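Hi there,

Here is the structure I promised to pass on to you. Have a look at it first, then read my notes below.

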Amino acid sequence: MTTLAEPVATVPIRSGGRVLRRLGHNPAGVLGAVLLLVVVLAGVCAPLLAPYPPAEVHFTTPFQQPGTVGFAFGTDDLGRDVWSRVLYGTRTSLEVGLLSVLLAVVAGVPLGLAAGYWRRLDALVSRLADLMLAFPFLLLAVGLAAINGGGLGNAAISLGIANIPMMIRVVRAETLRLADSDFVLAARSMDAGPWRILGQHVLPNALSSIIVQATVIMPAAVLGEAVLSFLGLGIQPPAPSLGIMLSDAQQYLFRTLWPGVFPGIALALICLGFNLFGDALRDALDPKTVSEGR
Amino acid sequence: MGTGAGGPLMGTGSTDGAGAPLLEIAELRVAFGGTEVVHGVSLRVLPGERVAVVGGSGSGKSTTAHAVLGLLPGGGRVTGGRILLRGEDVTHAGEARLRRLRGREVGLVPQDPMSNLNPVLRVGRQVAETLVVHGKASRREAPSRAVEILAQVGLPEPARQARQYPHEFSGGMRQRVLIAIALACRPELLIADEPTSALDVTVQQQILDRLDTLTRELGTAMLLVTHDLGLAAERADRVVVLAEGRVVESGPTRDVLTAPRHEYTRRLVAAAPSIAAGSASGPARAAETPTGPPPVLALQGVSKEYPGRGRGGPLRVVDDVSFEVSRGRTTSVVGESGSGKTTVARMVLGLVPVSSGTIRLDGDDIVGMRGPRLRAARRAMQPVFQDPYGSLDPMFSVERLVAEPLRIFGVGDRTARAARVRELLDQVALPATTAQQFPNELSGGQRQRVAIARALALDPALVVCDEAVSALDVLVQDQILRLLRTLQEQLGVSYLFISHDLAVVREISHDVVVMRQGRVVEQGPVEQVLGSPSTPYTRQLLAAVPTTAVPV
């Protein structure tokens, strides 16, 4: 309180109990967590919950209204069950989102650590990241998808690559801050090598920022997948995707609204869940918002 | 001043004869969330009187001061007692009343001069703003009044400096500006919250002198909040000692210092490192043979240059420094900020490359060493850094922290290392249970003990302490210094001790090196350098240290 410097440390991930407790005190965070739980359960349990295979057509019953017996959310132009397709589409969205986050983390974190720690590499890595950031995220993803071709894997790769530069930036900034800290200086004077410093001191302390950044990338990738699929560059029909459903529904918009409404709502819920949860997680992990009761 | 009335000190009851108090705090209680941190503090300040509130961190001294201004940080509430300003109860005053009170009736000189000025506004404007807000000057005349005030607080070229920005000012100059802002509206009471703890001793003295003169001229009463008993002794008429949110003792400065009644005050007085009392307790006198074995560390003509920006040419931050650290003894490097003392420490530790000169550790030149030889050299010397919050990785348990150097150098297996950690924790007087704790669960003093344990893990010949105690409270500081001395006696380790605090240096060291602007000004045994300094700079440094010795 007088001459002691304020603790500069981030909250250790280890104190997970405290982070969870703080998350629990944030109503928006709880809502986000609940939404996430529902969405993830829907995606994981899609084969159990869906009454029909997602691509099964019922030519006798196209354009059913929601609430029809057997088709809770109605059917689309080919008579496919919208409820089943929304479940599978959610599953696809989450798969693509998860894969692209994984790619962004696997590629972005080491590059960010290296750029932050070795000044010479920094010039190269950061300029490359700047170059990629000069293109709008979606434009980059669309361009990469056009080169890579369609399909779930390629969509995830395109979106993942497009998200790498942001991850590099976040990790590099954390590394710069941490590499300057006294405990890293202490480790250096104990003759700790760069691998030990980066792996044991910098990375664990940067973990909370990386997690938060991942929750930012996730909804962006989910939306990106929908956009790519909508444009025909992502998931290829007849595989189910929320983006393809929107694209199909668009053609029959004046005939019936419903096949477009449900995938839209699903998409909104997924993104809202991740955004709310990510925001709350950032607040809970931020040492500056410690215990000042609201 | 002139009001010699001592008055009733601890109680709040009767009004004393010398007139109504300017500020009266009665049984003040402050709580943060559910925890009460100030448990019924009472104190009073008479018009023109200077009262010091002394206490360690967590004693509630700053909280009490901030409560007067209604500036409790988020979550803090006054839960009981009253604050009377000239008889008016302002305990629960509204924001409008408080805004009029702050600045106009009560001025505040905050602790940190670096963060309390707006970096994008010119200094003169910031002073003028205060005058305008409180209606003490019109928009038109405020700038010239601001220049006058800046001249009063001792800025050498006020007209020019009023047009400068805070980043162009040194810490001392910024603190002067803050004093100017605090006194601009001629408040009757000035609250100075650790006004100089972020400044060098010589600057500290200038600032306090200026504060003294100005408050005397204007007849302003001062409530000085400080952790430094010496400073309180020098500057205050009365002292109020706080511990854990309670007043443990209060009275005229001289009485409290010469005859402390409460146990805590007694410990505080005893712990305050004093130049005068130094030689009595001094460091271990065992090794009295300066011309014995070869020195552990010897610096010869060491310099550090940074390539200059623009026209200036290369910047020499350390210039031709030579000194030695004998085995089992302590050499201190003292100097103000910017003297290059920390750079010297980092060059010794091999963290900053040396521009020229040699650094010999046990006879081997470590400058430019690489690979396995540098590794061996690093094993023989270990650091303890200033900030016990920053130097321990928050993600590591104490056990892992202390064992880290052992793991890096591959000493022992897991069980041997665990045993060594227990032994080390015992040596620094920490309970074995500490091993499973994390740094954020420990106090500043405990953390510094962990840092010392880590430094000792490899049995180094030399420990480099960079301002190792300056972030700690006096009492804790005293304990850590004693620990360092004991460890030196037991283990025969040598210390290179970097500090700005001459009183601390006096306590711990055998030899002293005084640095100024990158050069060695004076060096020699501690008694000689601090006892009969031969250069004016050392004398100036010594004179600037506040002491608990009561001026007679």
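R235(B) counts as buried, at 6% relative accessibility (buried means under 20% relative accessible area, exposed over 50%, and partly exposed in between, with a 1.4 Å probe and protein chains only). You'll find R235(B) in helix α8 of chain B, residues 229-235. Helices here are DSSP runs of H or I with at least four residues, strands are runs of E with at least two, and both are numbered from the N terminus. The side chain of R235(B) makes a polar contact of 3.2 Å with the side chain of D212(B). A polar contact is a pair of N or O atoms within 3.5 Å; within protein, one must be able to donate a hydrogen and the other to accept it, and residues adjacent in sequence count only if both atoms are side-chain atoms. If you skip the neighbours within four places in sequence, R235(B) is in contact with R50(B), Q205(B), L208(B), D209(B), D212(B) and L224(B), where contact means heavy atoms within 4.5 Å.

Before you go further, a word on how to read all this. This is a predicted model, in which local features need pLDDT of at least 70 and side-chain atom pairs count only at pLDDT 80 or more, while totals for chains, interfaces and linings use all residues. Residues are numbered from 1 along each chain as its sequence is written, chains are lettered from A and ligands numbered from 1 in the order in which they are written, and side-chain values use heavy atoms, with hydrogens and water left out.

Is E24(B) buried or exposed? E24(B) is buried, with a relative accessible area of 12%. Its side chain and that of R44(B) are joined by a polar contact of 3.3 Å.

Now try helix α14 of chain B, residues 398-408, which is mostly covered: eight of its eleven residues are buried. Those are V398(B), L401(B), V402(B), A403(B), E404(B), P405(B), L406(B) and I408(B). What do the buried residues of α14(B) pack against? They pack against α9 of chain A, together with α13 (371-380), α15 (414-427) and α16 (444-456) of chain B. Just after α14(B), G410(B) takes a positive phi of about 60 degrees.

On to the place where the chains meet. The contact takes 27 residues from chain A and 43 residues from chain B. Between them, the chains A and B bury about 3,200 Å², 58% of it on carbon and sulfur atoms; buried area is the accessible area (1.4 Å probe) that two parts lose on being put together, summed over both. There are three salt bridges across this interface, a salt bridge being a side-chain nitrogen of Lys or Arg within 4 Å of a carboxyl oxygen of Asp or Glu. R378(B) and D191(A) meet in a salt bridge through their side chains, 3.1 Å from N to O. The elements giving two or more residues to chain A's side of the contact with chain B are α8 (182-189) and α9 (194-230) of chain A. The largest share of that side, six residues, comes from α8(A).

Chain A on its own has eleven helices and zero strands. Its C-alpha trace spans about 75 × 45 × 30 Å along the principal axes, and 46% of its 294 residues count as buried.

Finally, the rings. Rings of Phe, Tyr and Trp (its six-membered ring) pair if their centres lie within 6.5 Å; planes under 30 degrees apart count as stacked, over 60 as edge-to-face and the rest as tilted. That gives five aromatic pairs over all chains. F73(A) and F262(A) form a stacked one, 4.0 Å centre to centre with 15 degrees between the planes. This pair links distant parts of the chain, 189 residues apart: F73(A) is in the loop between α3 (46-49) and α4 (82-117), and F262(A) in helix α11 (residues 258-285) of chain A. F73(A) counts as partly exposed at 22% relative accessibility, whereas F262(A) is buried at 16%. Ring pairs link F73(A), W83(A), W258(A) and F262(A) into a cluster.

Happy browsing!
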